[in-house]
Amino acid sequence: MIEIIQGSFWCACTLTIYLSSQKLHRTYGRWWSSPMLVTWAGCGILILALHANYREYLLGTNWMIWLLGPATVAFAIPIYRQQALIQKHWLLLCIGVAVGSLLAFATCWGLAAFFHFSPEIRASLLPRSVTTPLAMEASSRIGGVPELTAIFTAITGLFGAAIGESLLCFLPIRSSFARGALFGMGAHGAGVAKAREIGQEEGVVASLIMILAGLLNVLLAGLISSL
């Protein structure tokens, strides 16, 4: 009975903070008002303030993690709708996704080795540059902790979306395609949201890059785990 009450409490808190953050983001539209950031930070502060732990929090919110499965399947929809764009720029998309994923893997592995992180944390860090459902799947296949990967992924996305627009002021990137690719590869879901604010084509390209990079990472993780 106590577990049901605790689970219901954390579920209600999470949904309340998320819905409130949506209104906040519609008002200000800044990176710090992002629902992902506000909900994440709000729930974290509440857990610390009430001296709770992650296991208690999961009692009422585990079903939200389950929803990531159908969300992953839904990624097939934008790929189907953007067939013409994929056929027109397939080579550029393949090179961009492959190079971006390789750089993300290399920088993660290098930093983890530099700071002497454990193999488990290294594996959790590696897929941090793709969208959360696919990153968690890739993490579980290579021996990482999916929950940790979700945190690393959220930090990467929020940071990328926050600095991405400022970077465009300094980098000589003029095409909508390149701007969208920057956000899709560097900041996945949060980057797609930011790219859509900049322009329609930027949002479409960012969405495609995010999905293709995620699928490539899951494929690579499967290959690594089978070695």
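**The loop at His116 and beyond**

Author: His116 sits in the loop between helix 7 and helix 8 (119-125). The model is predicted. His116 is not a glycine, yet its phi is positive, at about 55°. Most residues other than glycine have a negative phi. The relative accessibility of His116 is 68%, so this residue counts as exposed.

Now step back along the chain. The rings of Phe114 and Phe115 have centres 5.1 Å apart. Their planes meet at 90°, so the pair is edge-to-face, a class that needs an angle over 60 degrees. Phe114 is exposed, with a relative accessible area of 60%. Phe115 has 47% relative accessibility and counts as partly exposed.

Helix 7 covers residues 90-114, and Val99 lies in it. Val99 belongs to a nonpolar surface patch with Trp90, Leu91, Ile95 and Leu103. Together these residues have about 510 Å² of accessible area. Val99 itself is partly exposed, at 45% relative accessibility. Another ring to look at is that of Trp109, where Arg122 lies over the face. Arg122 is 5.1 Å from the centre of that ring.

His51 is found in the loop between helix 2 (35-49) and helix 3. His51 is not a glycine either, and has a positive phi of about 55°. His51 is exposed, with a relative accessible area of 72%.

Next, the other aromatic rings. The structure holds four aromatic pairs. One of them joins Trp10 and Tyr57, with ring centres 5.7 Å apart. Their planes stand at 70°, so this pair is edge-to-face. Trp10 lies in helix 1 (residues 2-28), and Tyr57 lies in helix 3 (residues 54-66). The pair therefore ties together parts that are 47 residues apart in sequence. Both Trp10 and Tyr57 are buried. With Phe9, they form one aromatic cluster.

Then the cysteines. The structure holds zero disulfides. Cys11 is in none, and the nearest cysteine sulfur, in Cys13, is 9.3 Å away. Cys11 counts as buried, at 16% relative accessibility. For Cys43, the closest cysteine sulfur is also that of Cys13.

Last, a charged pair. Side chains of opposite charge can pair when their charged atoms come close. A search of the whole structure finds one salt bridge. Glu202 forms this bridge with Arg179. Their closest N and O atoms are 2.7 Å apart. Glu202 lies in helix 12 (residues 200-226), while Arg179 lies in helix 11 (residues 176-198). Parts that are 23 residues apart in sequence are therefore tied together by the pair. Glu202 and Arg179 are both buried.

How values were computed:
Residues numbered from 1 in each chain as written. Predicted model: local features only at pLDDT ≥ 70, side-chain atom pairs only at ≥ 80, totals over all residues. Heavy atoms only, no water. Phe/Tyr/Trp six-rings, centres within 6.5 Å; stacked < 30°, edge-to-face > 60°. Helix = DSSP H or I, 4+ residues; strand = E, 2+ residues; numbered from the N terminus. Buried < 20%, exposed > 50% of the residue type's maximum accessible area, 1.4 Å probe, protein only. Lys NZ or Arg CZ within 6 Å of the ring centre and 35° of its normal. Disulfide = S-S within 2.5 Å. Patch = residues over 30% accessible without salt bridge, like charges linked within 9 Å, V, L, I, M, F, W, Y side chains within 5 Å. Areas by Shrake-Rupley, 256 points an atom, 1.4 Å probe, with all protein chains shown as cover. Salt bridge = Lys/Arg side-chain N within 4 Å of Asp/Glu carboxyl O.
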